[in-house]
Amino acid sequence: MKKKLLSLILAGTMAASLMAGCGVSTDTGSGGSSDSAGSDTASTGSSAASEATGDEEEITWAFWDDLNASQDLMTQTYKDTVDRFNETYKGKYHLNVVTTNLEEYDSKVNALVAAGNTPDLLICNPGPNADVYVNSNVVQPINKYLDEDPDWKNSFSGGMFDRITYGDDIYGVPTNFAAALCFYNTELFEKAGITEVPKDMDGFLAACDKLKAAGITPISCSASTAWCLSMIAGYCMNREGVDTKALNSGDMHWTDAKVKAGANDLVTISKYFQDTYLGDSNDDATAHFYNEEAAMLIQGSWVIAQMNGNSDTIEDKCGVFSFPTLDGSNGPMIVKTDNVLMSSTTKYPDACVAFMKMLTDDTAQKATAEKAGKIPVTDVEYDKNAAPKQLSYVSDILATMTDSFGFYNESLASVEAGDTFDNNMVSIVMGEESVDDGCQAIETFYADNVWNK
């Protein structure tokens, strides 16, 4: 049953794009500080308790958080795996972690690639972010390693490789699975007199009005981290009937009425954001929720690890519901996997594969669920009573899901197309441009860079 469900919700088509330009700092030291632009080296360090002896094959993994300092429980789970890997393979392999922050990750990795210092392993989102590495031969297929170990290959749930498969080639392993949902504070809902979670958009806006009338900020969001706002925009577009595949092919246009309706829905919802949303980062917005300064947070289920890692109380008062549809029916959900890809130039592919296997073994995947509250990518059995309460709510919602779609910045024609969408949605919400002008700007980009190419 699980294999069938995940196969359904992870099915998706790949979009092609070109390698993004790189003139950025390449410092990726664990402190996340920026060095001078144009440097062709990156600082690396082991987060592991087991240090290299000097005899190992040493590999690097580019990661989007600080394994030593982060309170995020998923990041801590990754750190545990790195430590375990270095201890298990001491004298044979050793892994160093190249760290940065999420917002700067793609540009800094691209800079390393351009400088000829591609890390041996990359954590990567599916869609255009992976496309640029596959189409530029920066990463290599891993089919032969999967085929050499059928037990490993067959341990993955159905559909998990779909969005990192190009033709017949699989280019990476997924490490966890997540869905974008509405997290809400049950106590704040009760205080505002909201007795049930909203199913349709009218009910959602009515709940926001009740929260506002009770002196409670309805929704926490970040506009300075554009993909956070884009996630809500993507839901608004989908609920109005917008199809990303049709947009990419030119069968639907960004000036269509459905697209504009979705943008207008986003503007309406933004009126319920916290006062500081334009300047708040993703971490700021998440903190407003787990500090109980806002009643709702619309985010991917990876946020469970972040909120529970930073708050001792939020788990017991955090409920979950699907982003509402216009008519209250079960609508498609935004889903994704995090994936690890292997460099085509690595000198030590066996060491890389050994780490990929450890990221997806029973120990790591149980911790993914039981500690971090994310959905495992294998059919591992885990203790549901040990896992965060939010995970059971997410799992119940996924069990009723009939369809899915990807994040817009992972589903549009290229990284640049996703950025154009994100930036124009932010501009529209900020009032810097009208809905008509913002949609026309994306239309013009597609006409110049996608449809006529």
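Visitor: Which residue in β11 is the bridge partner of Ile 334?

Guide: Phe 405 is the partner of Ile 334 there. This is a predicted model, and the pairing belongs to two bridges that join β10 to β11, residues 404-405.

Visitor: Do those run parallel or antiparallel?

Guide: Strands β10 and β11 run parallel.

Visitor: What about β3 and β10, how many bridges there?

Guide: Four bridges join β3, residues 121-124, to β10, and the two run antiparallel. Within β10, Val 340 is the residue that Ile 123 stands opposite.

Visitor: And how many bridges for β6 with β10?

Guide: Seven, in the antiparallel sense, with β6 covering residues 172-185. Asn 176 stands opposite Asp 338 of β10.

Visitor: Which residues point which way from β10?

Guide: One way point Met 333, Val 335, Thr 337, Asn 339 and Leu 341. The other way point Ile 334, Lys 336, Asp 338, Val 340 and Met 342. Both sets are buried, Lys 336 and Asp 338 included.

Visitor: Where does the charged end of Lys 336 sit?

Guide: Over the ring of Phe 407, 5.8 Å from the ring centre. Another lysine placed over a ring is Lys 384, which lies over the face of Tyr 382 at 4.9 Å from the centre.

Visitor: Switching to ring pairs. How many aromatic pairs are there?

Guide: The count is 26 aromatic pairs. One of them is Phe 85 with Tyr 93: the ring centres are 6.3 Å apart and the planes are at 10°, so this pair is stacked.

Visitor: Are Phe 85 and Tyr 93 buried or exposed?

Guide: Phe 85 and Tyr 93 are both buried. They also belong to a cluster linked by ring pairs, along with Trp 61, Phe 63, Trp 64, Tyr 78, Tyr 89, Tyr 105 and Phe 355.

Visitor: What about Tyr 235 and Phe 323, how are their rings arranged?

Guide: Stacked, at 4.7 Å centre to centre with 5° between the planes. Tyr 235 is in helix α9, residues 226-239, while Phe 323 is in the loop between β9 (318-321) and β10 (333-342), so the pair ties together parts 88 residues apart in sequence.

Visitor: What relative accessible area does Tyr 235 have? And Phe 323?

Guide: Tyr 235 has 1% and is buried. Phe 323 has 2% and is buried too.

Visitor: How much of α9 is buried?

Guide: 14 of its 14 residues are, so the helix is largely enclosed by the rest of the structure.

Visitor: What span should α9 have, and what is it in the model?

Guide: At 1.5 Å a residue, its 14 residues should span 20 Å, and the end C-alpha atoms are 20 Å apart, which agrees.

Visitor: Which residue just after α9 takes a positive phi?

Guide: Gly 241, with a phi of about 95°.

Visitor: Last topic, the whole chain. How many helices and strands?

Guide: The protein chain has 19 helices and 11 strands. Of its 453 residues, 58% are buried.

Visitor: What share of contacts comes from residues 24 or more positions apart?

Guide: They account for 77% of the contacts with a separation of 6 or more.

Terms used: Residues numbered from 1 in each chain as written. Predicted model: local features only at pLDDT ≥ 70, side-chain atom pairs only at ≥ 80, totals over all residues. Heavy atoms only, no water. Phe/Tyr/Trp six-rings, centres within 6.5 Å; stacked < 30°, edge-to-face > 60°. Buried < 20%, exposed > 50% of the residue type's maximum accessible area, 1.4 Å probe, protein only. Lys NZ or Arg CZ within 6 Å of the ring centre and 35° of its normal. Pairing = 2+ DSSP bridges. Expected span 1.5 Å × (residues − 1). Contact = heavy atoms within 4.5 Å.
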